[in-house]
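Subject: A structure for you to look at

Hi,

Here is the structure I promised to pass on. Have a look at it first, and then read my notes below.

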Amino acid sequence: MPAVADSPLLLSVCPHAVLQLKLQQRRTREELASQGIMPPLKSPAAFHEQRRSLERARTEDYLKRKIRSRPERSELVRMHILEETSAEPSLQAKQLKLKRARLADDLNDKISHRPGPIELIHKNILPVDLDCTLQHTLLGTWSVITHSDTCRGNLDFNS
């Protein structure tokens with residue numbers, strides 16, 4: 001979004017007002033010097049340039065040292081930062097997307113074939129803490145199981 005001062009209408013009406021506004025909004029020399037954009041007021045420009053080049057050289061040395069000591073690809077794979085793949089780098093993103101889509105499909109398939117609660121109760125996987133009458137209604141085994149077996153939890157649906 002353009003600033004109000006950059007508006008073509010305002011520029012054509014009074015360019016002097018736009019210039020005044022921009023001059024009021026600009027940073028002071030002290031702010032520019034504290035940010036390293038301009039040399040400090042009391043030091044010569046050559047000193048400032050030398051200081052900037054030394055800072056740049058120090059940063060460059062630091063980055064070179066970091067690059068020399070970075071781990072090998074095999075180490076990054078072992079730490080699970082990179083993935084082991086034989087695909088071209090341009091295809092790795094698509095390969096990862098395909099792998100995730102396959103995982104999602106597999107999970108959806110497993111969820112759709114998941115047994116329901118009645119089946120889990122029949123296999124004695126899900127414990128039943130229901131009222132005895134409701135339990136017999138759900139399971140449809142009123143005549144097979146005695147009341148005392150049901151309420152004590154001695155259910156064996158495999159017999």
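Let me start in a loop: asparagine 124 sits between α7 (117–122) and α8 (132–139). Its phi is positive, about 60°, although asparagine 124 is not a glycine. With a relative accessible area of 40%, asparagine 124 is partly exposed; buried means under 20% relative accessible area, exposed means over 50%, and partly exposed lies in between (1.4 Å probe, protein chains only).

Before going on, a word on where this comes from. This is a predicted model, in which local features need pLDDT of at least 70 and side-chain atom pairs count only at pLDDT 80 or more, while totals for chains, interfaces and linings use all residues. Residues are numbered from 1 along each chain as its sequence is written, and side-chain values use heavy atoms, with hydrogens and water left out.

Now the overall picture. How many helices and strands does the protein chain have? There are 9 helices and 0 strands, where helices (H or I, at least four residues) and strands (E, at least two) are DSSP runs numbered from the N terminus. Buried residues make up 11% of the 159 residues in the chain. Of the contacts (heavy atoms within 4.5 Å) with a separation of 6 or more, 10% are between residues 24 or more positions apart. The chain exposes about 13900 Å², and carbon and sulfur atoms supply 58% of that area; accessible areas come from the Shrake-Rupley method with a 1.4 Å probe, and for residues only the protein chains shown count as cover.

Next, the charged pairs. Side chains of opposite charge can pair when their charged atoms come close. The count here is 6 salt bridges, a salt bridge being a side-chain nitrogen of Lys or Arg within 4 Å of a carboxyl oxygen of Asp or Glu. Here are some to find on your screen:

- Arginine 51 pairs with glutamate 55, and their closest N and O atoms are 3.6 Å apart. Both belong to helix α4 (residues 45–68), and because they are 4 residues apart, about one helical turn separates them. Arginine 51 is partly exposed at 45% relative accessibility, and glutamate 55 is partly exposed at 36%.
- Aspartate 106 and lysine 110 form a salt bridge at 3.7 Å, N to O. Helix α6 (residues 89–112) holds both, 4 residues apart, about one turn of the helix. Aspartate 106 is partly exposed at 34%, whereas lysine 110 counts as exposed at 54%.
- Glutamate 119 pairs with lysine 123, with 3.2 Å between the closest N and O atoms. Glutamate 119 is partly exposed at 38%, and lysine 123 is partly exposed at 46%.

Last, please look at the loop between α5 (73–78) and α6, where you will find histidine 80. Histidine 80 is exposed, with 72% relative accessibility. Isoleucine 81 lies in the loop between α5 and α6 and is exposed at 54%. Met79, Ile81 and Leu82 make a nonpolar surface patch of about 260 Å². Patches are made of residues with over 30% relative accessible area and no salt bridge; like charges are joined within 9 Å, and nonpolar side chains (Val, Leu, Ile, Met, Phe, Trp, Tyr) within 5 Å.

Happy exploring!
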